[in-house]
Amino acid sequence: MINIPKGTKDVLPSQSFKWQYVEETARKVAKIYNLKEIRTPVFEHTELFQRGVGETTDVVNKEMYTFFDKGGRSVTLKPEGTAGAARLFIENGLASSPMPLKAFYLTPCFRYERPQAGRLREFHQFGIEVFGSKEPETDAEVISAANMLLNELGVNGCQLQINSIGCPVCRAEYNKALKEYFRPQLKNMCATCNARFEQNPLRILDCKEEECKKITANAPKILDYLCPDCKDHFKKVQSLLKAQGVKYLINPNIVRGLDYYTRTVFEFVSTEIGAQGTVCGGGRYDNLISELGGAPTPAVGFAAGLERLLMVMENTGATIPEEQKPRVYLAGMDEKSRNKAVELAANLRANGINAEVDLMARSVKAQFKYADKIGAEFVAAIGETELESGAVNLKNMTNGESSAVKFKELCTYLKHN
Ligand code: ATP
Ligand code: MG
């Protein structure tokens, strides 16, 4: 027996309705915000992520599924959706379409991580990206879309935390201050943070090691180093969030795991699923498109992990509507009746009604038992009598009541009952 790879999950027939609900809700929110779907390949040239996500990030350093294909090219399974979306934007010349360009995606992502609750090697993201606007209205709109997604899904107890990590100008000043602060404490910090100190000190604020977290708590705060423009932008984002009734908390330690962010960064954090509490994260990335060779184009986006959303929903008792059960099961007693059942079911299906017949050559009694197990709403048996009279005795399985319904009226009856 060959097992499923570590860190991946099957979705079983009895569970898929939950996934469909989350995905349908995400699509609904996307529609309300006028976001158009994009689909990019599951694998891309490795360089896209090296440059797009950033060489100093954990994602690129430790977590990528990179391999050589048979043509000797280095390709990588997408660890996130933004780099591919940015490539799509540049490669297809979308800069010449009306701005802003508002897009969304639903995609599997792959990261070689240590699997645990809410941390998988294959997981799924719903993400949105808005290209072309540097205005704070865009940041606020993207955040409010994420907020609506969580509200629609009934994800309870999530807190929106926001921060600004400034632009390259103010961040240079801040990095200096960070280095001064961390230098004397480096010997007490993890090896990764020691490397980050040289390459990208901001990244240290993202460390999850207890010792490093303690030291980080008293580090200088980026918000004290923002240049006037970045300060103003952050202030406007906040007042626009307030205008929409979106509640938030400022958390100056949010820097996000990816390198391309500028100015606004945000996370929706849940206390309900333990350490892997971030269900959704995003921010502004004004330099990514130019970094990847496109004309400078500001952008904002977020990605939400579907597995984590579902975990919070299940842990907080959110209602997840189940799929429609079969409307009707038509049992056949003999060959002629079975043919009639198939004919009637075909007609019902053609009219959009979910109907079932026997596929297992079962006795009528066993067919009824099965119909009950699958939760059919109505059940009818067809035999010689029914063939002669051209009507069935349709039993409502919820209240036990039966009604005589003509074959040719079955469809109308089921549509109205
Ligand atoms: P974390 O800090 O938990 O590692 P991250 O900062 O690496 O998250 P992002 O790159 O921002 O995460 O991805 C956006 C969202 O995707 C996360 O908020 C989370 O919901 C989800 N996610 C990220 N990595 C995983 C994973 N390995 N398994 C399941 N979901 C994930
Ligand atoms: Mg991570």
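Predicted model: local features only at pLDDT ≥ 70, side-chain atom pairs only at ≥ 80, totals over all residues.
**Reading the sheets, helices and ligand site**

User: Which strands does helix α12 lie across, and at what angle does it run to β13?

Analyst: Helix α12, residues 335–350, lies across β12, β13 and β14 (378–382), and runs at about 160° to β13. Helices (H or I, at least four residues) and strands (E, at least two) are DSSP runs numbered from the N terminus. Contact means heavy atoms within 4.5 Å. Axes are lines fitted to C-alpha atoms, for helices over the stretch in contact, and angles between N-to-C directions run from 0 to 180 degrees. Helix α13 (residues 364–373) also lies across β12, β13 and β14, at about 170° to β12.

User: What is the strand order of the five-stranded sheet?

Analyst: Strands of a sheet pair through backbone hydrogen bonds, either parallel or antiparallel. Two strands are paired if DSSP finds at least two bridges between them. Here, five strands form an open sheet with mixed pairing, in the order β13-β12-β14-β15-β16. The edges are β13 (355–357) and β16 (402–406); each has a single partner strand, so one side of each is left without a neighbour in the sheet. From one strand to the next, the twist averages 25°.

User: How many bridges join β12 to β13, and how many join β15 to β16?

Analyst: Strand β12 (residues 328–332) runs parallel to β13, joined by three bridges, and L330 stands opposite V357 in β13. Strand β15 (residues 391–396) runs antiparallel to β16, with five bridges; A391 has K406 of β16 as its bridge partner. The hairpin of β15 and β16 has five residues between the strands, and G400 there takes a positive phi near 80°.

User: Which strands form the three-stranded sheet?

Analyst: That open sheet has the order β2-β4-β3, with antiparallel pairing. Its edges are β2 (43–45) and β3 (65–68), each with a single partner strand, so one side of each is left without a neighbour in the sheet. Direction ignored, neighbouring strands of this sheet are turned by 35° against each other on average. Four bridges join β3 to strand β4, residues 74–77; among the pairs, Y65 has L77 in β4 as its bridge partner.

User: Where does a cis peptide bond occur?

Analyst: The cis peptide bond joins M99 and P100, with omega of about 5°. P100 sits in the loop between α4 (82–91) and β5 (101–110).

User: Which residues come nearest to ligand 1?

Analyst: A residue is near a molecule if one of its heavy atoms lies within 4 Å of it. Of the 15 residues around ligand 1, the nearest are R111, E113, K208, R256 and R308. The residues of this shell divide into five nonpolar, four polar and six charged. Ala, Val, Leu, Ile, Met, Phe, Trp, Tyr, Cys and Pro count as nonpolar, Asp, Glu, Lys and Arg as charged, and the others, Gly among them, as polar.

Methods
Residues numbered from 1 in each chain as written. Chains lettered and ligands numbered in written order. Heavy atoms only, no water.
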